[in-house]
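Here are a few notes to read alongside the model, in the order I would look at things.

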Amino acid sequence: MTKTIMVVDDEPDNITTVTSVLEANGYAVVSASNGDDCLEKLKTTKPELILMDIMMPGTPVRDVVKQITDIKIAYLSVVRTSEAEKEDLLGQANIVDFIQKPFDINELLAKVKELVG
Amino acid sequence: MPLDIEAEFKDNKTLLLLVPSVEYNHVVVDNMKKLAKEDVCYITLNKTFDSLKEIFEKNKIDISKVVFVDAISKTIKNVPTQTKGCYYLSAPNSLTEISLQVSHFIKHGFDYIVFDSLTNLLIYQKKAPVAKFLSTIINKIADSNTKGVFYSLDSKAHEELIEEASMFVDKVVKVE
């Protein structure tokens, strides 16, 4: 069965790049342009994984993820955090990874495969 | 040749440093080793205060004279408005808050304002308000005894802002 990944990023270029690679590798992709859009789209779709930019306009991501309890989330972050902060972010129940931008698209794909198969 | 930031500041008050991404952290650390001997206000839009503290301490830089203005931590975790050595702003797109902090530290006679970085401002704002913001804070610096360092990634993607910013600063330095 085709697995669905939701890509949440306010940078359209990032969405385009990640979407094309994921689709080329057999995943279905739903995109959202910020946290609010993500929550809206989750009303009608349930992806296996959400790749979420950590810094976006609108509702802060830390508040968005609190409302998502049953889907794995991997952060995509342009922000550099300390090791302790990273551990803290990963300590939230469904946060499964922290991927630093800029990332190698093949490494991202490998992570996705590792997380959802 | 490595950048000699102290020498650059002998004849200039405001510098725009264009830094290649692979050298970015190295350049920031190297400059901080020299600037942190005096009073510095370090505005960060791409690394959290904790992360910067970790980096500078690892490089044995004394940051006791540095006050950080962290515009990103509040968006990823709960932090107070102020802790020892750091003011937390509500968001990286809050240009008014950043501008107020810059005025505050200029008024208090800080030697340097370090802005890290212009590139990150473009993630959250359109070019026009960023350019206006930039001209405003550079004018504030020009009317004071404070000096300003503005970092930007040396990238084609940000060519337009770099061109615009180049008109306001005293010197643009391409860091090799």
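1. Facing B:Val69 across the bridge is B:Tyr87 in E5(B). The strands involved, E3 (residues 66-70) and E5 (residues 86-88) of chain B, run parallel and share 3 bridges; strands pair here if DSSP finds at least two bridges between them.

2. A word on conventions: residues count from 1 along each chain as its sequence is written, with chains lettered from A and ligands numbered from 1 in written order. The model is predicted, so local features need pLDDT of at least 70 and side-chain atom pairs pLDDT 80 or more, while totals for chains, interfaces and linings use all residues.

3. The open sheet of chain B has 8 strands with mixed pairing, ordered E4-E5-E3-E2-E6-E7-E1-E8. Strands E4 (82-83) and E8 (171-174) of chain B each have a single partner strand, so one side of each lacks a neighbour in the sheet. Strands (E, at least two residues) and helices (H or I, at least four) are DSSP runs numbered from the N terminus.

4. Now the helices: H5 (residues 95-107) and H7 (residues 127-142) of chain B pack at about 10°, with axes 10 Å apart. They are therefore roughly parallel (angles under 35 degrees). Among the residues that meet are B:Val102 and B:Ile106 from H5(B), and B:Phe133 and B:Ile137 from H7(B); contact means C-beta atoms, placed from the backbone, within 7 Å.

5. Do look at the interface too: 14 residues of chain B contact 15 residues of chain A. H3(B) gives the largest share of chain B's side, 3 residues.

Technical notes:
Two residues are in contact if their C-beta atoms, placed from the backbone, lie within 7 Å. Axes are lines fitted to C-alpha atoms, for helices over the stretch in contact, and angles run from 0 to 180 degrees between N-to-C directions. Angles under 35 degrees count as roughly parallel, over 145 as roughly antiparallel, 65 to 115 as roughly perpendicular and the rest as oblique.
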